[in-house]
Amino acid sequence: MKMNKPKMASEKGVPSTSKVHILLAQLERMTGDSMVTDPEASRQITSKLLHLIQTQEKTGREVMSKGTSGMEVILSSLESTRDSQTTLNILCILSELLTLGKGRRVGAFVSKGGTGVLLRILISASREGQPSEELMLQLHSLLAKVGLKDRKLGVKARLSGAVNVTVNLIKKNLQNIKLLLPCLQVLRVYSVNMVNAISLGKSGAIELMFKILAPYSKKNTSLIKVTVDALAALLKSKTNARRAVEAGYVSTLLSVYMDWHRHDTWHRHTVIRKGLLCCLRNITNIRLGRRAFTNADGMRILYNSSSECLTVRTLDPLVNTSSLIMRKCFPKNRLPLPTIKSAFHHQLTHVLPSGPVAQLYSQPPGVDDVVDDSDDNEDMDADTENDTENEEDEKDEKDPRSLNEDIEKDINKLHPQKSPGRPFEELKVYERFFVELTEDFQGHNIDCSTTASTTSSSSSARPSRPVIVPTAQALSPNHVTTQNSQVLCPPHKGRDPPSPPSTATAPLPPPALQLDTFRFNKELSKKEEMQQELLHALECVSVKAEAFLNADKHKGSSISTRKPSQSPLLLEGIAIRCMAGGGGSDCGSEGTEDEGAVLEVPDTAQLLPLHDLDLYVEMVKGTHSVPQYTEVAYPDYFGHVAPTFREPLLERVYGVQRSKIFQDIERLIHPNDILDKLLYDLDVPSCPVIESDGESLKFNSQFESGNLRKAIQVRKYEYDLVLNSDINSNHHHQWFYFEVSGMRVGTMYRFNIINCEKSNSQFNYGMQVLMYSVQEAISGRPRWVRTGTDICYYKNHFARSSIATGGQKGKSYYTMSFSTSFSHKDDVCYFTYHYPYTYSSLKMHLFKLEAMRTPEIYLRQDVLCETLGGNSCPLLTITAMPESNSSDHICQFRNRPLIFLSARVHPGETNASWVMKGTLEFLMGASSQAASLREAYIFKIVPMLNPDGVVNGNDRCSLSGEDLNRQWQNPDAELHPTIYHTKSLLQYLAHMQRAPLVFCDYHGHSRKKNVFMYGCSVKETIWQTNISAASTELQEDLGYRALPKILSQIAPAFSMGSCSFVVERSKESTARVVVWREIGVQRSYTMESTVCGCDQGKYKGFQIGTRELEEMGAQFCVALLRLKRMTGVHNHQHLLDLESDLIGTQPKVVSSCSTTYVMDEDEPSFLEAVDYSAESNDEDGEADSEAGASSRDVSGTPDSCAAVRLSDSESSKEAWKTGRVANQ
Ligand SMILES: [Zn+2]
């Protein structure tokens, strides 16, 4: 390989009078033949040059200064000389040059091909028999210096045979420390390359390292350090790890480690100790290694040694690496469950043979689905082809393929194609949900002063209204009702609060009642029964309350009276709980009467205009749950009044996760300390609450949205909790909601939810759990508050069955751990993942929304359909009444653009409901903005797409065991009725040329902060795929950016930077993508709200509360108004043009400024910057950490261990505080 002829040094404007440059110029003239023919001259010149560089610091700078060709001249001479003295001189020159200012100089050396020259000299010298030790020493020293800057060095060295030269040198010079050291340094660099590591392992390098490795000694510590690092690099190969295990080196490593641990009392050699741990860490990446480690008593050894290190902060790297190894080797436990299938099963009438439910229940009996039979297939303890491939292909640190593979690249799928879907004949039945589009209001007196007359006119119409629940059967065309026109105008009830439901004497049930009315009509006998139950329940609630209920209950009107706000309420946590029809004797009727303190009902009605305690209980009665819940949780009953104080994101205290993990490890080390006392168990259906002796807390979650499956006391003040799977499913654990009582005041309790599934959580980034205290509530503070300390989320030692992981073996669950104390005796407290919002709450709110109606407001509540669980799915229509029934006004009324909103398809995302509540209240409000909005648009709203999931405490699915937001392409009328009919509504609109201007589905995001949107853009998707050719001719309207842009300007929680407009393949059956693609709605969005808090804007540093979420819902409305006002006309196209102006039409600029590519709508697959998961096994697939570490090794960290990121390290502290997402 001939080097390019370097330019004359003097040509570059460096004073040619400089001594150095005169020498360099002389050297340059010699390059070529004269270098060989006149060795004496070359020796002299180089030796003078060396002398100058050694004695005058500026010389080095002159050689290396920019624009000069000094390095080229030197390398070129080195390449052409055959004289050993000249070679040595030049190597010494290089060594001097590269020692100073090394970063840039080494870079220049490498980029000019220096390493290649060194390797060639090394090879040719080794071929000449006995190479000079001095030469070898110099070559290796230089290679060690520059090696880490040349990512190709490992490959070059292997291909040229230099690796073997070095290994042989080491073998022959075990006692020659001076030469051994640079050779080992070079070996360590070579070993970073996986192929090299494997081949080095084969040629005995591991045994060689163990020959050099030694117990504690003050001598030769740098040699030992390099040896340990090289060994750790070699052991990254699974083949090598196996080799080391088989040779018995695990116990050797442990005893060498302990020797250093004991003798290195001043902690001067922690790097060596850390290196030894890194060797153990890499060996235990294979199952064989973990077994050997356990057999060698590694757990106890590392546990004891790290306990001794805990007090010395500088030893944290040792403790953290030890804890990582121990966690890996912790024997996998079995979740304490008989099955991971949900404790409840809902029998579906219609099961798709290939569907998830069929699969779930087609397992042969006796199959243990909690853990896999054996872990034999867990991983191959050998390097796979892929490992080697990836190492060879060292082009990129990160594989861009994984980022791109989910992006939609099919250009046909990227063009919205209105798909007619079902024939119009079939869709025609949906006309009845759009009476506002045909209504002529003739016969209606629209004058607002005559409310009474409109009320009466519609009250006569209502009872005759046929109740049609559109199911697949009911929607056959011949069921089209012609009576629709009679129902279109809802009653104007004025501002009086409505009568509570189920009062037989109520003159007119408001529309919200349709839900209940319908059911009660259908099941009249059941209604009687339920009222009896309710009476019983209320007796429980208020046994001693004279003022409460009084005579009314005998009239059968249940709880219709306004309850005095100070009514005494007796409770012991069981009061409402025991309202079960069964008499309650078997689940602890222990005495509401003798034990409970007399408490009072909080006056939430004054603070919460949409809340009504009695109405809530009434709504619960009509809610159908699979477990047939008969209890009401107090927080939902009393309501939640958002606190006036802000709740900052929790500062994580240093070392929290580590200490929790150590406590977990202690379970293994000191098994006798563990109580294992069962306290609550849904799998014992008769009596899940196990009677307590007063030494333990009591648990319960048998109420709407509750989902605790099991509670086990593990230590005196520590509890393991297991969540129930979604109904008809065997996983989805994240949402939780449960009740605790029987606590001691002032004691710190630790709770561990041990079967979480997601690999990361906002609990690691400042989020706290929510707690509701009944005692606080009755003292006038009915509210959820963020609570808990020592919160962390980490992978635990409970094995996950491959049945629940989609076939992947060897996965673990995660623990969400928090500690808290209680301030009141005899309290009943609730803990939840996020502010609950039950289906019954929705019904109550919709009912109360009627009271907000003024004569100007057009509000209609329909039942879209019934769910599998027998709950109704409400559909709301909100707009303004026409100004008059003149044809102009009617025309304006009918032609208002539609806005279609939905929420809560994912039941665990309760924040979506709070945002929706904010939207609904704003829309029904008295503000002029609300009035303008109503006059501008017709709102169609499905506030809860998955009532069954909400009722039954699911996190993700409906009763079909499926994620409903993955069913939009082909919803099944029977299995996914809410999606089927919602999509049909949209298809109907598309057919009528009335596709909505905006579609938005409200969601909650569990792993990101702020509120943000996902939309659909062809261009932005194509940019992500780098198919630039196709995109150049593409014209795309930028209108999809307007709404999020406005929101980012007016809504403090909203962050444009988190928005994404990329169409992903994995999302092609979500509402957003289907409504965009099939219905042709350009502004089709998912709006995601954080469960945690904000890291920008006004709320930066604070956790999100219901006030902020409701505000978000209101701001969404305001943004729609702005969208409207930007035009001032109803011309749709004009609107779009203006939006483009507003945003700036430079698409490239737009794309670069804000789109974050996000892999998963709800859970981005990348992890946030805190690296708790670095402490995970290699086989995990989430081993970003490992990949990150190795790439850093290559790119310049000399210590192969230093790249391990530690959970509690200072560097990550900032990251978790802000919760920033590491955007890969
Ligand atoms: Zn969601």
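Buried here means under 20% relative accessible area, exposed means over 50%, and partly exposed lies in between (1.4 Å probe, protein chains only). This is a predicted model, in which local features need pLDDT of at least 70 and side-chain atom pairs count only at pLDDT 80 or more, while totals for chains, interfaces and linings use all residues. Residues are numbered from 1 along each chain as its sequence is written, and side-chain values use heavy atoms, with hydrogens and water left out.

View 1. Rings of Phe, Tyr and Trp (its six-membered ring) pair if their centres lie within 6.5 Å; planes under 30 degrees apart count as stacked, over 60 as edge-to-face and the rest as tilted. Because tyrosine 749 lies in strand β8 (residues 749-756) and phenylalanine 822 in the loop between β12 (811-820) and β13 (828-832), the pair ties together parts that are 73 residues apart in sequence. Helices (H or I, at least four residues) and strands (E, at least two) are DSSP runs, numbered from the N terminus. Both tyrosine 749 and phenylalanine 822 are buried.

**View 2. Ring pairs build a cluster.** Among its members are Phe699, Tyr717, Phe738, Tyr749, Phe822 and Tyr833.

**View 3. One of the structure's 41 aromatic pairs.** Phenylalanine 434 and tyrosine 988 are stacked, 5.1 Å centre to centre and 15° between the planes. Phenylalanine 434 and tyrosine 988 are both buried.

**View 4. Arginine 313 places its charged end over the ring of tyrosine 654.** The distance to the ring centre is 3.6 Å. A charge sits over a ring if NZ of Lys or CZ of Arg is within 6 Å of the ring centre and within 35 degrees of the ring normal.
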